[in-house]
Amino acid sequence: MVTEPVSRRTLNRTLLSRQLLLEPADMDPEDVVSHLLGLQSQNASSAYPGLWTRLAAFDFAALGRLLTERRVVRLALMRDTVHLVTAADALRLRPWLQPALDRGPRSAPWAAGLTGVDRAELIAAGRSVLAEQPLGPGELKELLGPRFPAADPASLVTALRCWAPLVQVPPRGVWGVPGGLRYAFADDWLGAPLDTDPDPAGLVRRYLAAFGPADAADMQKWSGRTGLKQLFTALDLRTYRTEDGRLLYDLPDAALTDPDTPVPARYVADFDNLLLSHTDRTRILGDVPKSRVISVNGLVSGTVLVDGFVAGTWRFTRDKAAVALAVTPFAPLRPADRAALEAAGLRLLAAAHAATPPDLRTVRFTPA
């Protein structure tokens, strides 16, 4: 096995290429969601700028249609966080990730409220009460509580979300459309059974196609699944050695990207998996401390990339009738980078807030 050296800058450019962040992709949004193995959707709106920044042309309404047509869904998957995935991947990923999701009820504080609860009985009860229509957490507590009188009703709903494949149905997650949280079983909602024999080796290959080069610890960080090392060593993969000595794996026919490839200034969505899918985040953070973009309770800021690396944060703000995109750089920006971010920010505002007149959309920079 020949192991080649790989620099941090090469890993940066390669990751950006595979994440469709070097050049806007001329792809269908559904295909992008599939290629990325989903987008983090803990914040229901995150997937919209996440797709916008990757696509040459993206209409925010298009993702809403995919949700209402049940071609994509939102449910708890990787790292026990809500992800937006294609219908096929929801049925494929949920069974593979279930062992990781099962760890939640064994260690979480709310598990103390599950006194006398049998897992199979709770799932069966959940199917029974959700058979007619999707229901919200409050309705589930009212219906499940009397069936398990010794348990805490809120804990029952949380456990059901961990133990059973519950999707969050629209209009939840549709841009600009208010909608409370309501659940349905994924197989009922999608009209297809869960994949009882998912292909772990195939998922490793797809992970590498979107996030490689990487190793088993990286895929564990992305997924929450343990015991992946044997999968990597058993596959026919190319290997690389990082500057700090780590052994990384990649698809045998996947090319690395030239480290000198120019990268336009980019907006990356909050909670984007670009920042969450490797144990060593320096390939995208560079020398920026993780604490500047990820809070102690796991909130992940929207970030801006300059020369391919995180250079600040951003967020939407609203002031009366106006909307703004507030950028907080970590260091003074070069005029060209500031101009590129301002231009891209105005385009993002136009896509996200099309009903707001152009003169009421602005990009504001906080002094570094």
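**Strands and sheets**

I started with the open sheet of five strands, which has the order S2-S4-S3-S5-S6 and antiparallel pairing. I take helices (H or I, at least four residues) and strands (E, at least two) as DSSP runs, numbered from the N terminus. Two strands pair if DSSP finds at least two bridges between them.

Strand S2 (39-40) and strand S6 (183-185) stand at the edges, each with a single partner strand, so one side of each has no neighbour in the sheet.

Before going on, I noted that this is a predicted model, where local features need pLDDT of at least 70, side-chain atom pairs count only at pLDDT 80 or more, and totals for chains, interfaces and linings use all residues. Residues are numbered from 1 along each chain as its sequence is written, and side-chain values use heavy atoms, with hydrogens and water left out.

Next I looked up S3 (residues 72-76) and S5 (residues 166-168), which pair in the antiparallel sense over two bridges. Which residue in S5 is the bridge partner of leucine 75? I found valine 167.

Helix H5 (residues 87-101) lies across S3 and strand S4 (82-86), at about 140° to S4. Angles run from 0 to 180 degrees between N-to-C directions, with axes fitted as lines to C-alpha atoms, for helices over the stretch in contact; contact means heavy atoms within 4.5 Å.

Then came an open sheet of three strands, ordered S1-S7-S8, with mixed pairing. Strand S7 (residues 238-241) and S8 run antiparallel and are joined by four bridges. Tyrosine 240 has leucine 248 in S8 as its bridge partner.
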